[in-house]
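Hi everyone, thanks for coming. Please have a look at the sequence and the model on the screen, and then I'll walk you through a few parts of it.

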Amino acid sequence: PGGNSEVTNLKMAHINYCLKGLLVTFNILLTLVGIVFLLFGIHFQNAAEGHTGSSKGMCILIAVVTVAFGLFGLFGAKSENQCMLKGYSTGMALCVIMLVILGIWFASQKSKVFVAFKSETEKLIPLDVKGDEMRKELDQLQAVARCCGLVNGYKDWGSQIPDSCDCTSGSSDCINVEGQSRRVYAQPCINVMFSLLELGYSVIFGLSFGFAIIAFLGMLLSTCAARQLKQAAISGVTDPHYAL
């Protein structure tokens with residue numbers, strides 16, 4: 001009889017209204033964020049046309065996992081299933097650990113990536129001999145970012161300095177080409193590329209720890225909900241206002 005009573009209490013136990021509302025809302029928002037990431041990943045996949053496959057796959061994978069966690073947590077909260085809530089909490093705890101490790105790993109690899117990027121960029125010099133494949137893209141970058149050459153400024157182009165290097169302003173951003181009256185941008189484009197890499201690392205680092213905080217909140221809410229169900233089942237309290 002005692003065992004039957006405990007099972008009955010477990011089935012009748014409820015989560016506090018406020019906590020349940022928070023958990024349901026949290027997982028609805030988590031699911032929506034995952035859907036947005038999924039749509040972004042699909043759009044990026046179509047726009048990239050075969051490039052950066054690992055980045056596309058990673059974005060879609062993260063989106064699918066986020067949606068799956070959101071739906072799993074939402075169903076667990078709505079049904080007030082203690083086993084599902086415990087599983088959800090465990091999954092969120094693992095996500096927190098993995099995201100923190102990922103953020104730390106990205107930060108530790110930053111200097112290596114910058115060195116490798118500069119090394120690969122230097123292999124394209126001189127640009128007047130080796131830069132034909134990327135000349136169009138580099139021309140656009142030079143005109144927009146107000147830079148010239150890759151590493152050593154205009155000298156990377158040899159004697160074939162493109163018009164996109166021409167500096168029309170009289171500011172200190174311009175220098176004279178040696179032996180000529182022509183003025184070009186002083187800044188090499190690798191500085192601009194490094195700034196973009198720095199921004200990318202900041203975004204990845206911020207997202208890693210931002211999602212870690214979100215996962216921690218989900219873990220905390222689901223753990224509290226599962227604990228309430230267990231305590232309510234043991235004490236026989238079935239009113240959600242008092243299942244604390």
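Let's begin with the aromatic side chains: the count comes to seven aromatic pairs, where rings of Phe, Tyr and Trp (its six-membered ring) pair if their centres lie within 6.5 Å, and planes under 30 degrees apart count as stacked, over 60 as edge-to-face and the rest as tilted. Take Phe-106 and Tyr-201: their ring centres are 6.1 Å apart and their planes stand at 75 degrees, so this pair is edge-to-face. Phe-106 sits in helix α4 (residues 82-122) and Tyr-201 in helix α7 (residues 189-235), so the pair ties together parts that are 95 residues apart in sequence. Helices here are DSSP runs of H or I with at least four residues, strands are runs of E with at least two, and both are numbered from the N terminus. Tyr-201 has 12% relative accessibility and counts as buried; buried means under 20% relative accessible area, exposed over 50%, and partly exposed in between, with a 1.4 Å probe and protein chains only.

A word on where this comes from: it is a predicted model, in which local features need pLDDT of at least 70, side-chain atom pairs count only at pLDDT 80 or more, and totals for chains, interfaces and linings use all residues. Residues are numbered from 1 along each chain as its sequence is written, and side-chain values use heavy atoms, with hydrogens and water left out.

So how confident is the predictor? The protein chain averages a pLDDT of 79, and 81% of the residues score at least 70; pLDDT is the predictor's confidence in each residue, from 0 to 100. Where pLDDT is low, the predicted coordinates should not be read in detail.

Now for the cysteines. How many disulfides does a search of the whole structure find? The search finds three, a disulfide being a pair of cysteine sulfur atoms within 2.5 Å.

One joins Cys-147 to Cys-189, with 2.1 Å from S to S. The torsion about their S-S bond is about 90 degrees, so this disulfide is right-handed. Cys-147 lies in the loop between α6 (135-145) and β1 (174-176), and Cys-189 in helix α7, so the pair ties together parts that are 42 residues apart in sequence. Both Cys-147 and Cys-189 are buried.

Another links Cys-148 and Cys-165, again with sulfur atoms 2.1 Å apart. Cys-148 and Cys-165 are buried too. The remaining link runs from Cys-167 to Cys-174, at 1.6 Å from S to S. Counting bonded cysteines along the chain, the pattern is 1-6, 2-3, 4-5.

Last, the backbone. Most residues other than glycine have a negative phi, and most peptide bonds are trans. Ile-125 and Pro-126, though, are joined by a cis peptide bond, with omega about 5 degrees. Glu-80 has a positive phi, near 55 degrees, and is found in the loop between α3 (53-79) and α4. Arg-146 also has a positive phi near 55 degrees; with 36% relative accessibility, Arg-146 counts as partly exposed.
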